[in-house]
Amino acid sequence: MRDVRGAEFDDFVRTRSVSLLRVAYLLTGDRHAAEDLLQEVLEQVYVRWRRVRTTPEAYARRALVNRAANRWRRRSRRPESALGDLDPATPDATDGVALREAVVAALRTVPLRQRAAVVLRYLEDLSVTETAAALDCSEGAVKSHTARGLAKLREALADSGLVVTIPNGSGSSR
Amino acid sequence: MTMNDTDVRAVLHRATDHLASPDGLVEGVRRGGRRRVARRRLLAAGLAVVTAGSIAGVLQFSGTGGERIDVASRLFDEATRGDLARDQAFLRDVREVWRRATELDDLRGEPHVVWAGNTPKGKAAYVTQRTMENPVVVQPGDGRLLGYGAFVVPTAKGPRILTLEQLYGSGYVDGNSQAVFLGPDRDTLLVLDFGRPVEYSPSMSYAPDGRIVRQHLPVTFRDGAASLPVPPQRTKVTVAVGRAPLSRDTRIHIVNESEILFPGGEDRGEPKRYDYVLPGADLAWGAAVDPTKRPLGAVVAFEPFIDIVGTHAVNPEAPSLSVFGGTPDGRRLLIETIQYDDDPGHAVAILGRGESEYTVVVTQSVDWTEPLPVRLRLPDGQGTLVAAPEAKLEYRAAVGAWQDAGRGAALVPVGAIEVRVTPASGVARTARL
């Protein structure tokens, strides 16, 4: 029997998986969990392809946030694992690893929906309307989540002592 | 320096630059997707079996490797409870409200009214519906998504459905809302009976020294729920509810409390935080004094001043202050301000040594509009802790010149009788100790 999803679905996975994986990683704080989450969500997209083929990425983002929330709810009841246990560093990229660990640790201090709002707005560059669709909430709530999430993230990053050097002359921040 | 929006974008991108698409992703997704399609078809064909199996409690499902799926949660199977359980017209209305609100494509069967009853504010209900699939969504523990649930509450415009929540298998109901405020003034608390004893505390007050005072009362359920009169919850939440004994770990979520704390979903802003480490603090705390960490004994000492079972917003106008210092006799000094909603804040000073030996020595109510909001006289002639965020502080004894005491917070000697406070932008004012 011919698979109605065809090459269109494969193209979607190939072209958008890294972008979705980045979102999943920042939502979960763990590469392995992010890959599992991405796989689950893409399987869900596969099952519903006929319904979502016009807007698969929007559907996938929404599913990512919902499933990450479920994982996070459970995770918050048990002690956090040390980041080093979750996502081992490669010795030749210590600066990048330090930044990554600081960012992930800082994001962990931000409640999930606020974190999702920040990630979708600032990593994915989604509009408020698109973010509201992904979070299934009002645009006002997105603004609120984003503002509060950003404040927490900035505070946590400042506490981490992270020094960020931004390329292309956009300055550096502590 | 605060990170600007460009910096935030940059760090988020750099933190994910190392990620690449997993090998064999397309093939893996297709394989998994095909399994899901097959399982979905099997579930659709086997609904009659699932219904029959639920009587026994658990259905052993062998569709994909023998995973055990709990399909018999009482929230989906038990007969409707409540005094409106046989009111077919109301049940029909409730299901209709549910259907209009839930346009999820993965629901199956009919919505189930778990409870329907009269309350002092009108007719209310709690509804659930199963999902088409039961993927594992809670790890570890293999908690599976069973379905969705939501309260339907009375309003002037008719029944309204509140936040839709996911329900999990394996007994994971702790994260779900079990209670809701009813009425325009939210002065009735409806609590569902999930089969375990529940306590509630209708209000919170403060002892003269700032300690939290709460009375815990048992909830008496009748036919699946309890309607409790509570003080109006218009702008803040004073009610706490949880499984008995009510504690930090047994709190029950009230579904619409965020509507009270954040009306319209609007942000209320965050208070400005000030962490001061006084000169010489390292002598008592060690070289690595860290304002973000507290010794266990300090946490325990502060606990009576913290509403560990309640839910509150914070007043963005009231600073959040902590001061780390050391007393002349070598003890560790720690001051915290604690403030909820629009209530008066309190400053609490503790003294101690090491990890566990900490005692509350003095507290005061804080008025942040005062020139010198914090002035805590320590026992045993150890001086007076004064604080006014960002202000220049000076002190003097009965006679003599003003002595510099730094900015924001200081421990002034026991002989000091006056403190001069010069705000970052403003006129110097003197406060008597």
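Author: Let's start with a term: a residue counts as buried when its relative accessible area is under 20%. By that cut-off, buried residues make up 53% of the 174 residues in chain A. Keep in mind that this is a predicted model.

Chain A has nine helices and two strands, and if you read along the sequence, the pattern runs α-α-α-α-α-α-α-α-α-β-β. As for how the chain folds back on itself, take the contacts in chain A between residues at least 6 apart in sequence: 62% of them join residues at least 24 apart.

Now zoom in on a pair of helices. The axes of α8 (residues 128-135) and α9 (residues 139-160) of chain A come within 8 Å and cross at roughly 95°. Angles of 65 to 115 degrees count as roughly perpendicular, so that is what α8(A) is to α9(A). On the α8(A) side, the contact is made by Val128(A), Thr129(A), Thr131(A), Ala132(A) and Leu135(A), while α9(A) brings in Glu139(A), Val142(A), Lys143(A) and His145(A). Sort the residues of this contact by type and you get four nonpolar, three polar and two charged.

In soluble globular proteins, nonpolar side chains tend to be buried together. Here the largest nonpolar core has 58 residues, and Leu153(A) is among those with the most contacts inside it, along with Phe12(A), Leu42(A), Val45(A), Val103(A) and Leu12(B). Helix α1 of chain A (residues 6-28) gives the largest share of this core, ten residues.

Leu12(B) deserves a look of its own, as it comes from the other chain. Leaving out residues up to four places away in sequence, Leu12(B) touches Leu26(A), Val103(A), Leu107(A), Val118(A), Val119(A), Tyr122(A) and Leu123(A).

While you're in chain B, check out the sheets. Four strands form an open, mixed sheet in the order β15-β10-β9-β17. β15 (225-229) and β17 (253-254) of chain B each have a single partner strand, so one side of each is left without a neighbour in the sheet. β9 (residues 177-182) and β17(B) pair in the parallel sense over two bridges, and Ala179(B) stands opposite Ile254(B).

Another open, mixed sheet in chain B has five strands, ordered β18-β19-β20-β21-β22. β18 (273-277) and β22 (357-366) are its edge strands, and the twist averages 15° from one strand to the next. Inside it, β19 (residues 320-326) and β20 (residues 332-338) of chain B pair in the antiparallel sense over five bridges, with Val323(B) partnered by Ile335(B).

Technical notes
Residues numbered from 1 in each chain as written. Chains lettered and ligands numbered in written order. Predicted model: local features only at pLDDT ≥ 70, side-chain atom pairs only at ≥ 80, totals over all residues. Heavy atoms only, no water. Axes fitted to C-alpha atoms, helices over the stretch in contact; angles between N-to-C directions. Parallel < 35°, antiparallel > 145°, perpendicular 65-115°, else oblique. Contact = heavy atoms within 4.5 Å. Nonpolar A, V, L, I, M, F, W, Y, C, P; charged D, E, K, R; others polar. Pairing = 2+ DSSP bridges. Core = buried A, V, L, I, M, F, W, Y, C linked by side-chain atoms within 4.5 Å. Buried < 20%, exposed > 50% of the residue type's maximum accessible area, 1.4 Å probe, protein only.
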